[in-house]
Amino acid sequence: MEVAAASGIMAAVNFLHTSPTTKVTVPTTLSTPCSWPSQKPNTLALCVPSSVPRTNFLSVLTRCSTKPDTDTNNETDQNPTLQHNSNSKTSSNHPSQPNSNAAISSSLSESPPPSISRGLVFDLGLTNSWDSAEIGSPVVKRFLSDDEERWYMWYCGSSTENPCSDLVGLAISSNGIHWERGNGPVRSSADVGLVMNCSQDWWAFDTSSISPGEVVIMSSAQVRASNAVYWLYYTGYSSEKVNFSDDDSSEFDLKNPEKFHIYNLDGENGSMGKILKSLPGLAISQDGRYWARIEGEHHSGALFDVGSDKDWDSLFISSPQVVFHGNGDLRMFYHSFDVENGEFGIGIARSRDGIKWVKLGKIMGGGGIRGSFDEFGVKNPCVVRNRKDGKYVMVYEGVGVDGKTSIGLAMSADGLEDWRRFQDKAVLETESKDGSWDNMGIGSPCLVQMDGDGGDEWRLYYRGIGSGGRTGIGLAVSEGNDITSLRRWTGFHL
């Protein structure tokens, strides 16, 4: 996304403020990295606190009042290109604290004792809150300034009133451990809580459920820090179900928030499953809370469609996670179910502008060793480019033949091919103790590379599932910079 893109977007913002249109196209070039802005991102546009039609897309942006703090040392008027904020450094400006939506702490004082809550840092919301039934898909970002540390987490959640529909929310923290959240929709650009709803357009791909995949923060030398743009890549689910057959009986039910399930139905040709169709979407925001959807080239507004009947990704596209590689080069990692091989797989697509994508194919499938933790496939990838050596690190959710999920690790020199698993074993497994909050499965990993005062450690946030299907978000930490040594967080060590 070049600055041409940024300036084009802002021109579109100004234009749409007075003359809304149903579809917005955004420029096409990517540019050099700069530092991350520090304002809190919002979720899908049009939804919070009241739904806004897609056509009013950028009029939403023009009414956002909060201005992202950006490290302007990396911005120069001589370089008019859209820049990806890849560093975690921000200016010393302090964002306003949540003030409306009765922000509450997600302390675990009422949670189970430490022996069975090890690693849990974010539990379900209070009764009657928007995220009281289920939570997952954490997307965590860390921002540093000269005198403070701030963390933002976008995640999906559902309420007890509508447990089958995930929405997107935002929580904030000063240390990545203790989080403040909101019970309902955000009411200002300094609030926390629900930030994005499903689309109200009957023809859209995201009418049933949504979950965040990645937040990429862009800024521009022309647009400057006050107009930095947040790009939210997300999974949108429609009510359309996709049928598929599998020669092997699938005896397990894949838990939320993926929002698709495999059911057993007796039949002559084996089991038959039903999957909610999902596609990747994009929304942008100027303050990270009020989001405007960008319509992709697919007729449903999605960025792109599933593959043809013989392609490995013919059923659905899920969990888009985008990495900025360099000028004019964005990579999207996503997962689907490969019917021909009977396994979940991870694929990659490439883009010059973050909007138009070209699929490059499947890059990982099930583990080759019988009985391995990911024999039935891999999904929910999170890829990070190691700031130390420039190599790519992927954490992913591995699915065993029994349906058990664990977290695996793979590495690649260029991020495109030759992904090599770490010793063909999980780097983090389900908790073995009975009654533990995550003893039924773990997945949806989000990897954060620490630096500055945080040392050289890695943090891994993940969704955990416990008895009865109760979900939470947990944290594992590496020993130093050894990413293969992840252990569940047990407290601060002085």
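Which residues of the largest nonpolar core touch the most other members?

1. Bearing in mind that this is a predicted model, the largest nonpolar core holds 66 residues, and those that touch the most other members are Phe 122, Trp 179, Trp 231, Tyr 233 and Trp 357. Strand β11, which spans residues 229-246, gives this core its largest share, namely 6 residues.

2. As general background, nonpolar side chains in soluble globular proteins tend to be buried together.

3. Turning to the chain as a whole, the protein chain contains 25 strands and 3 helices, and 63% of its 494 residues are buried. Among the contacts in the protein chain with a separation of 6 or more, 66% are accounted for by residues 24 or more positions apart.

4. As for the surface, the protein chain exposes about 19,000 Å², of which 46% is supplied by carbon and sulfur atoms.

5. The cysteines deserve a separate word, given that a search of the whole structure finds 0 disulfides. Cys 164 counts as exposed because its relative accessibility is 62%, and the cut-off for that class is over 50%. Cys 198, by contrast, has a relative accessible area of 9% and is therefore buried, the limit for buried residues being under 20%.

Definitions and conventions: Residues numbered from 1 in each chain as written. Predicted model: local features only at pLDDT ≥ 70, side-chain atom pairs only at ≥ 80, totals over all residues. Heavy atoms only, no water. Helix = DSSP H or I, 4+ residues; strand = E, 2+ residues; numbered from the N terminus. Buried < 20%, exposed > 50% of the residue type's maximum accessible area, 1.4 Å probe, protein only. Contact = heavy atoms within 4.5 Å. Areas by Shrake-Rupley, 256 points an atom, 1.4 Å probe, with all protein chains shown as cover. Core = buried A, V, L, I, M, F, W, Y, C linked by side-chain atoms within 4.5 Å. Disulfide = S-S within 2.5 Å.
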